[in-house]
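This report looks at how two chains are packed and joined. Keep the sequence and the structure in view while reading.

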Protein chains: 2
Amino acid sequence: MQDEYIVKGNIIFTKELGKYEIFENGYIVIDGKFVKSVYKELPKKFSKLKILDYGHALIIPGFIDIHSHAPQFPNLGLGLDKELMPWLDSYTFPEEKKYSDIDYAKKVYSAFVKSLWKYGTTRSCVFATIHKNSTKLLMDLFAEAGLGAYVGKVNMNRNAPEYLLESAEESIHNTKELLDEYGKKYELVKPIITPRFVPTCSFELLKSLGELSKKYNVPVQSHLSENLSEISFVKKLHPKLKNYASVYNEAGLLGDLPTIMAHCIWLEEEEIELMVKKEAFIAHCPNSNNNLSSGIAPIRKLMKKGLNIGLGTDISGGHSVSMANVIASCAQVSKLKWLESNKSDKPLTTAELLYLATKGGGKFFGKVGSFEEGYEFDALIIDDSSLSIFKPLSVEERLEKFIYTGDDRNIKEIYVAGKKIEEPKQY
Amino acid sequence: MQDEYIVKGNIIFTKELGKYEIFENGYIVIDGKFVKSVYKELPKKFSKLKILDYGHALIIPGFIDIHSHAPQFPNLGLGLDKELMPWLDSYTFPEEKKYSDIDYAKKVYSAFVKSLWKYGTTRSCVFATIHKNSTKLLMDLFAEAGLGAYVGKVNMNRNAPEYLLESAEESIHNTKELLDEYGKKYELVKPIITPRFVPTCSFELLKSLGELSKKYNVPVQSHLSENLSEISFVKKLHPKLKNYASVYNEAGLLGDLPTIMAHCIWLEEEEIELMVKKEAFIAHCPNSNNNLSSGIAPIRKLMKKGLNIGLGTDISGGHSVSMANVIASCAQVSKLKWLESNKSDKPLTTAELLYLATKGGGKFFGKVGSFEEGYEFDALIIDDSSLSIFKPLSVEERLEKFIYTGDDRNIKEIYVAGKKIEEPKQY
């Protein structure tokens, strides 16, 4: 009974897509890392447990960001007058080069992790760079902070500046080293196989990564179908393969192990079917898709097909670390898509988007992103008293107002896997 | 010489659309309300003037918001799962009803004005409600704060809940009273003729407002062509008139005096030509256009036709008071429009958007929105030291980073018409 405690407040979460579960002045009973149950009235048998009473505050699941690039953190909000390919060349690659310097990496990565904490992102799927040492450092910093993450050493051996290329052998060798050292080092922070994307990885490299993923039982993340020029480039590189998704699939990198593909804006029907079959996840990154002129992903359609969908900041293609900001952006583009589809693909509601930003992406981490029994207790305590000063609002309206108008100042406390997380150290 | 002083810092503004003027560690010489000149090196003749040295800070023109609804401030971030018409009925009208209560109005309006100050909006074009007393109060609060504004008592005599309707006579009578009392009361705060939009104003009322506007030499603001259902409704109401814009025009409300029309998403070619001819302004409100599923306004096209364009938050259709947020949203939708137009309508650059958010909208106020000679000195002092910590950035990049990733915390001081503005009182 020692590890049991209770948090009290205005609890709101989504068990099912699009439907809020609301416990006004409710109780969450936590047992160690896990949610035991949620109550409107506290049963007598728990009356001796310690109650952390957060009063009028909102309590929601922690945000799950299933696509971002840690080394691009210094570029946040820069270079956004460019499209994907020129943006990579002029902003992204020159920045990523710097992470051969472990001191620079420590400075940026610790600030990045602190920023996730500030904005209430309890779990992330993150691209590092090709550099194994700074990738290890990033994993150590996540673990030190107490936040959950899959972190990938990026693999790339073609079509990038010389200074960011490795040989396929080196790339595999270093990835293996990481899997050996970090595969079981931390409970909440794990490695993930991370080919940057098809244009920068030879098929030989992709195949070896697919084998590695199976051998070590490690999940996969990459990019798919983001931008039309990128897609034609992939077709030129692999004229014999049916489509972009099949390149990953043939290499054993599409859903043989749990897989996240970022963007998926322009998927062909066959690619969609393949992804459904292989139970792959899509990381929907609307800020980035807008900023880099990539397009609007047809999320309603992909959801109807039964795909797993989570949300991603995709910094620094996305300009905001805030998942609340990503939710607002998702809502906006889904409304434009609704118009574009002649009102067949309905806009995503706030309740649906909360689901995608918590339980939807959380599914990649196991039982994460909800307050149902057996879920790891990741939570944000939100003091929205500065936002709702003119009239009484329902819990649902308060959540909506926080998402659209709140910011880091409203997030007062953060829990990950049952543990309250203090402000991470910035080096 | 008494009223002359100098501000020093990293000055950036747009004299021409799309082109930055940058004075790194430069000087703005201010004479009373006006900019006298901007210098890279200070001429000797000014060496005795007081210099306010803002060191490393950025200095940019104040933001100009040419479309917002003050009484909707409490609804910021609420009801955004709805389209325009149902949103009006369930959120907007019930809120606007409350402004018959002057105490409630004081509470909200003072918070609204303070919020504009916080986010660096030095001039605004604002809709109040039909209530003359709270409209007067809003003007008083703007004047007390020292911010510039056109404030309109809203006119409406049909197609709205009974509690928000006036007779045409009442509406004109009360508007006249306001023009008499407030036409010359303040230098920076002026009344503006504000029919809500065609659906809520009989043609008789519109015509009387047109006459009033001419008689008192007062500008006009309204809504035009926001949403497809709204447009068909207008066609039903006025089957004999060519189009939506011509209803205003026939009533003498489209550019006979300076006029702002908000949204203008679905204008017909003839309407565009009419607006160009009458030199009307368009208030582009991308957050609202997205949030209410209205569509993407074809701003590049409208700009090419020679229309006057400024930006608007349109709270609470828009969810953010921040004009920086509106700029980011404008950039995003312009990129989607570029794709939609088969890459014929180029995305708007950050430099173009700074222009629209300052000099573009500022033109409605006279010489406002630039640091050119003779312009009223409206400025924001921006401390972005928290944003740019990893590498040296150019002034241009720092501005971009502030727009995309900064917030009210970065805005350290605000000047309007040569005067430093202290934090407005919130009642």
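Two residues are in contact when heavy atoms of one lie within 4.5 Å of heavy atoms of the other. The model described here is predicted. In it, 50 residues of chain A are in contact with 50 residues of chain B.

## The interface between the chains

Together, chain A and chain B bury about 4200 Å² between them, and 52% of this area is on carbon and sulfur atoms. The rule for salt bridges finds six across the interface of chain A and chain B. For polar contacts, 28 residue pairs are found across the interface of chain A and chain B, both residues being at pLDDT 80 or more. Several helices of chain A each supply at least two residues of the side that touches chain B: α1 (84-97), α2 (102-118), α9 (286-291), α11 (323-340) and α13 (395-405). Which helix gives the most to this side of chain A? That is α11(A), with seven residues. Sorted by class, the side of chain A that touches chain B has 20 nonpolar, 16 polar and 14 charged residues.

## Salt bridges

Side chains of opposite charge can pair when their charged atoms come close. Over all chains, a search of the whole structure finds 60 salt bridges.

| Residue | Residue | N to O distance |
|---|---|---|
| D256(A) | K278(A) | 2.8 Å |
| K337(A) | E340(A) | 3.0 Å |
| D407(B) | R409(A) | 3.8 Å |
| D408(A) | R409(B) | 2.7 Å |

D256(A) is partly exposed, with a relative accessible area of 35%. K278(A) has a relative accessibility of 19% and counts as buried, because the cut-off for buried is under 20%.

K337(A) and E340(A) pair within one helix. They are three residues apart in helix α11 of chain A, so about one helical turn separates them.

D407(B) is buried, with a relative accessible area of 18%, and R409(A) counts as partly exposed at 31%. Salt bridges that share partners join K118(A), D407(A), D408(A), R409(A), K118(B), D407(B), D408(B) and R409(B) into one network.

## Buried residues

In soluble globular proteins, nonpolar side chains tend to be buried together. Here the largest nonpolar core has 232 residues, and F142(A) and F142(B) have the most contacts inside it.

S110(A) is found in helix α2 of chain A. With a relative accessible area of 1%, S110(A) is buried. Again leaving aside residues up to four places away in sequence, S110(A) touches A105(A), L141(A), K425(A), Q426(A) and Y427(A).

## Backbone details

Where are cis peptide bonds found? One runs from I315(A) to S316(A), with omega near 5 degrees. Another joins I315(B) and S316(B), with omega about 5 degrees. S316(A) lies in the loop between β14 (308-311) and α11 of chain A, and S316(B) in the loop between β14 (308-311) and α11 (323-340) of chain B.

Positive phi values also occur in residues other than glycine. N217(A) has a phi of about 55 degrees and lies in the loop between α5 (203-216) and β11 (220-224) of chain A. N217(A) is exposed, with a relative accessible area of 58%. H263(A) has a phi near 85 degrees and lies in strand β12 of chain A. H263(A) is buried, with a relative accessible area of 0%.

Conventions
Residues are numbered from 1 along each chain as its sequence is written. Chains are lettered from A and ligands numbered from 1 in the order in which they are written. This is a predicted model: local features need pLDDT of at least 70, side-chain atom pairs count only at pLDDT 80 or more; totals for chains, interfaces and linings use all residues. Side-chain values use heavy atoms; hydrogens and water are left out. A nonpolar core is a set of buried Ala, Val, Leu, Ile, Met, Phe, Trp, Tyr and Cys residues joined through side-chain atoms within 4.5 Å. Buried means under 20% relative accessible area, exposed over 50%, partly exposed in between (1.4 Å probe, protein chains only). Buried area is the accessible area (1.4 Å probe) that two parts lose on being put together, summed over both. A salt bridge is a side-chain nitrogen of Lys or Arg within 4 Å of a carboxyl oxygen of Asp or Glu. A polar contact is a pair of N or O atoms within 3.5 Å; within protein, one must be able to donate a hydrogen and the other to accept it, and residues adjacent in sequence count only if both atoms are side-chain atoms. Helices (H or I, at least four residues) and strands (E, at least two) are DSSP runs, numbered from the N terminus. Ala, Val, Leu, Ile, Met, Phe, Trp, Tyr, Cys and Pro count as nonpolar, Asp, Glu, Lys and Arg as charged, and the others, Gly among them, as polar.
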